[in-house]
Amino acid sequence: MKLETKIYQKENNFHIGKMLKESLADIAKSRFLSFQLAKRDIQAQYRQSYLGIIWAFVTPLATAFVWIFLNNSGTVRVTDTGIPYPVYAFSGTLLWSIMTEAINSPMSSTNSAKGILSKINFPKEALVISGIYKLLFNSSIKIILLLFFIFFFGVGFHWSLLLFPVAILGGILFGTTIGLFITPLGMLYKDIGRMISFGLGFLMYVTPVVYAIPKTGIMKTVMELNPFTPIILTARDLAVGMTPIYGTYFLIVIVCCIPLLFIALLFYRISIPILVERMSA
Amino acid sequence: MNEVLVSVENLSKKFCKDLKTSLWYGVKDLASGLSGNRNERELRPQEFWAVKDISFELRRGECLGLIGHNGAGKSTLLKILNGLINPDAGKVTIKGRVGALIELGAGFNPILSGRENIYNNGAILGFTRKEIDQKVEEIIDFAEIREFIDMPVQNYSSGMKVRLGFAVAAQMEPDVLIIDEVLAVGDLGFVLKCFKQIDTILPKTAIVFVSHSMPMVSRICNQIILMDRGESVFQGEEVGKAIDQYYNRFASNERNILFDDGRISLESISIKDADYTEKNFPKLNWGNDLNLIFKFSIKKNLDFIPFFKIILVDKEQRPVALFEENNIDSNLKIEKNTLEFTVSHKNFQLSKGVYSLDILVAEGPIRAPILRMNGILNFQMLHEKEVWPSFLLASNFSSNDYIMIDIIKYNFNKK
């Protein structure tokens with residue numbers, strides 16, 4: 001039997017192709033590990049709580065209710081959205097919460113595995129994948145709630161709804177890519193994590209989450225450039241059966257994300273030993 | 001079967017003392033890591049070598065012991081061997097599946113039950129679901145916690161967690177096994193069980209073993225590296241020698257008075273005919289007679305001869321022998337407030353190494369202490385053989401023929 005040989009030395013064998021192959025092979029090899037890690041976290045999360053799943057959508061629901069209230073009471077007047085405002089606001093906050101979760105997921109998965117990272121050698125990619133599993137689990141619950149809203153407010157079924165999960169996957173892909181790039185630095189400095197949650201709070205208001213893109217003005221330009229915009233809008237349009245206006249931009253973003261995701265995976269792979277060293281030093 | 005499984009060449013690793021600087025270096029390393037970073041690594045400000053220039057080779061069936069005081073770089077070396085961090089210089093080549101007993105029970109979630117956590121831990125150690133399904137009953141039996149297996153792990157004692165963790169890890173069939181100080185938590189029965197398990201896999205495996213327990217090291221290792229400040233200060237197959245050096249680093253010549261009611265004090269102690277070239281550290285040849293010359297001074301109110309208990313202690317502070325105490329026939333006398341006597345032992349067969357003496361001076365039938373002192377004398381036994389047990393007993397092997405004749409004679413006479 002031929003034994004697998006591992007060599008550790010200071011030089012990273014930096015052949016992008018070879019490393020990417022190893023990285024993907026590790027992902028394939030660690031399917032069970034990533035699944036098990038996700039299962040563990042989800043089980044543990046719900047075993048110690050009575051309200052359980054409710055917490056997954058209570059934040060987007062609350063934000064949506066605030067905006068619905070502001071709008072109905074006339075405190076804030078938003079432009080016509082084309083669909084019942086509660087559906088608009090709720091779908092927006094919900095999609096937004098999926099995006100932010102996707103961005104934070106790689107960092108939080110890696111952070112919570114700090115203890116074992118410095119003790120045991122296992123395919124680190126499994127942490128990222130388990131994060132995605134958890135995201136999919138949480139998102140699917142949110143989507144069920146959204147479907148309820150859509151039918152409750154009489155928007156009804158459209159065939160494009162079947163494409164909605166694809167848009168969600170696109171959003172998760174986009175978020176994970178950003179998250180992966182941030183993770184190495186974020187593991188070193190706590191500032192990064194704070195900056196992200198702070199920045200995302202602002203970013204929400206230049207994205208059509210609770211109100212539509214204005215017809216004119218600087219806000220229109222900013223919102224149209226913002227890469228979050230096509231994802232939120234396309235997903236929402238598909239859900240409620242409108243023609244996705246930003247469909248092309250959406251596709252561009254997604255297509256750009258695929259190579260970037262691979263680069264981010266490599267960056268993650270290279271940086272883990274450096275991070276482990278600093279964490280346990 | 002005897003190929004080299006682990007080969008380490010001039011391995012070095014540096015660490016940083018200051019957190020903020022360390023993090024900033026981390027950012028720089030991230031940037032340079034992307035470009036491969038083939039440059040020679042120099043020490044930057046605030047950095048030091050945690051591991052410096054370590055080389056060794058390990059074959060199947062061999063066990064390398066890594067010893068050294070805390071912070072000598074042992075665990076860092078293990079982390080490099082395990083591929084958790086990259087070296088700054090040198091090269092590690094490892095063949096085969098690597099198993100690490102560095103942390104037992106990794107990935108346990110305290111809320112979940114023992115059974116669920118077997119799956120979590122197993123997954124991290126690289127088992128597939130099928131493998132765990134097959135082995136789960138065996139694991140539970142090995143850990144001996146069947147009764148509590150469906151209880152949340154947070155209610156387990158630390159010993160039970162370690163049991164469960166080891167039971168899962170014991171299912172690995174590694175070619176190279178890395179063991180850090182993990183077995184210390186379990187009770188004796190379990191530690192023995194662990195070592196039995198390690199013994200069974202040892203012939204098929206190359207083991208790197210880090211421990212502060214020298215009996216364990218001497219029991220399973222056939223090669224040893226003594227580390228100090230990241231460097232190897234002793235390396236080779238003479239395990240006993242390295243252990244001696246390890247102990248000498250902690251050797252203190254301090255006398256320690258544990259109890260003293262002020263009536264008697266020790267003036268001097270020496271070994272007759274010992275080699276005193278090194279002051280305060282006599283050397284004695286194996287098999288010679290031991291004559292300990294004591295001189296006590298009597299301070300006040302001591303008008304009887306107390307009992308003297310002399311205890312021989314080895315380098316691990318384990319008592320290994322007790323000299324018979326004095327009795328009326330000893331005929332000791334106090335003259336001018338001093339008490340002098342010699343304690344003799346014929347043909348002293350203590351094995352090679354460093355030992356020390358403790359003393360208890362006591363009175364009355366219950367031996368109430370008057371004076372208790374540790375480390376009153378350190379000495380070294382000399383012999384060409386390096387052995388682990390405390391005594392090397394002179395022996396004579398002979399064929400049984402003569403004895404047989406005796407037995408026949410005896411039986412004959414009885415008839």
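A salt bridge, as I use the term here, is a side-chain nitrogen of Lys or Arg within 4 Å of a carboxyl oxygen of Asp or Glu. I'm working from a predicted model, and with that cut-off I get 32 salt bridges over all chains.

**Entry 1: salt bridges between the chains**

How many salt bridges cross the interface of chain B and chain A? I found 4 there. I looked up A:Arg278 and saw that it bridges to B:Asp29, with 2.8 Å between the closest N and O atoms. I also checked A:Lys119, whose side chain meets that of B:Glu103 in a salt bridge at 3.2 Å, N to O. A:Lys119 sits in the loop between helix 5 (114–117) and helix 6 (125–152) of chain A, while B:Glu103 sits in the loop between strand 5 (98–101) and helix 3 of chain B, so this pair joins two chains.

**Entry 2: the rest of the contact**

Next I counted residues: 42 of chain A are in contact with 64 of chain B. Together the two chains bury about 4,800 Å², and 60% of that is on carbon and sulfur atoms. Which residues of chain B lose the most area to chain A? They are B:Leu30, B:Leu84 and B:Ile124, which together make up 14% of what that side buries.

Then I went through the elements of chain B that give two or more residues to the side touching chain A; among them are strand 1 (4–16), helix 2 (74–81) and helix 4 (129–143). Helix 1 of chain B gives the most, with 11 residues.

**Entry 3: a strand pair across the chains**

I followed strand 1 (residues 5–9) of chain A and found that it pairs with strand 4 of chain B, antiparallel, over 5 bridges. Where does A:Ile7 find its bridge partner in strand 4 of chain B? It's B:Thr93.

**Entry 4: chain A by itself**

I counted 11 helices and 1 strand in chain A. Along the sequence, the pattern reads β-α-α-α-α-α-α-α-α-α-α-α. Its radius of gyration is 21 Å, close to the 19 Å from the globule rule for 281 residues, so chain A is as compact as a globular protein of that length. I also boxed in its C-alpha atoms along the principal axes and got roughly 70 × 45 × 40 Å.

Technical notes. Residues are numbered from 1 along each chain as its sequence is written. Chains are lettered from A and ligands numbered from 1 in the order in which they are written. This is a predicted model: local features need pLDDT of at least 70, side-chain atom pairs count only at pLDDT 80 or more; totals for chains, interfaces and linings use all residues. Side-chain values use heavy atoms; hydrogens and water are left out. Contact means heavy atoms within 4.5 Å. Buried area is the accessible area (1.4 Å probe) that two parts lose on being put together, summed over both. Helices (H or I, at least four residues) and strands (E, at least two) are DSSP runs, numbered from the N terminus. Two strands pair if DSSP finds at least two bridges between them. The radius of gyration is taken over C-alpha atoms; the globule rule is 2.2 Å times the number of residues to the power 0.38.
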